[in-house]
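Have the structure open while you read.

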Amino acid sequence: MALQPGTNDSPPARRALNAAGRMVGFLVLTVPAMTVFGSAVLLPHIVNQQHNQYLLESKQAQVADWEVLVAANDKLIAHLPVDEVLTKRLAENQLAVIPDGEEVMPPVGAANPPDLLHPQPHKRPSPPPAWLLRLSRRLSNPPTRRGLVVLSLGTIITAYFLFSPPSAARRRKEDGQSPEGSAPLEEAQEENPQPATTP
C-alpha cells in the first residue's frame, strides 16, 4: 500500500512513536509507585537509624563534657594540699570560713568554686526533622504499610500490562506483513508474474 505524498507514516517511525508513548506512560505510573513502595518499606528503618545515631552522638558529647569536668576536679583536688591560697579561697567559698579581721567581698554573678574549669560544651548533633519522624511513625503502622505496598505493587503490575511492548505477531500485523515476515503471496505474484511456458 503506497503512502500519501507529504506524509511520513512508515512502520519504523510509527513503532518508535508507539514505543516512546508506552515508555512515558510506564514511567508515569511506575515512578510514583516505586517511590511509595520504597517509602513504606525503607523509610521507617532509615529514620529509626538516624534517630538512634542522634541519641548516641548526644550521649557521647555529654560524656565528653563530664570527662573534661572530672579532669578539672582532679586537678583542683591535687593542688589543694600544696596551694595554701587555693585552699583558703575554697574554704571561704564553700564552707564560709572567714579569718578574723578579713572581709570577703560577695562574688559577682554565680558563686562558683575558685579555679574551677568550666569547659565549653561539645557540639551536639542536629536531631532529625520533626515532619520526618511523624511520617515515619505513620508508615510504621502495619495496616498503613500493607495498604501502600499493595497499592504500589498493583500499580506496577497494571503499568506492565498496559504499556508492555507488543508481541512479534502484532508488530508484523501493524507493519502489513505476513506471519512469516514477508509480503503477502498475492502481492508478490502480481509484482513478479511468472513467464508462461510451452510444452
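## H1 against H3

Helix H1 (residues 11-79) packs on helix H3 (residues 130-139) at about 130°, and their axes are 9 Å apart. Helices here are DSSP runs of H or I with at least four residues, numbered from the N terminus. Axes are lines fitted to C-alpha atoms over the stretch in contact, with angles running from 0 to 180 degrees between N-to-C directions. H1 and H3 are therefore oblique to each other; under 35 degrees counts as roughly parallel, over 145 as roughly antiparallel, 65 to 115 as roughly perpendicular, and the rest as oblique.

On the H1 side, the contact (heavy atoms within 4.5 Å) uses Ser39, Ala40, Leu43, Pro44, Val47 and Gln50, while H3 brings Leu132, Leu133, Leu135, Ser136 and Leu139.

## Inside H1

H1 has a kink of about 45° at Leu42, shortly before the proline Pro44. The bend is the angle between axes fitted to the seven residues ending at a residue and the seven starting there.

## H1 against H4

H1 also packs with helix H4 (residues 142-163), at about 160° and with axes 9 Å apart. That makes H1 roughly antiparallel to H4.

## About the model

This is a predicted model: local features need pLDDT of at least 70 and side-chain atom pairs 80 or more, while totals for chains, interfaces and linings use all residues. Residues are numbered from 1 along each chain as its sequence is written, and side-chain values use heavy atoms, leaving out hydrogens and water.

Technical notes
Helices (H or I, at least four residues) and strands (E, at least two) are DSSP runs, numbered from the N terminus.
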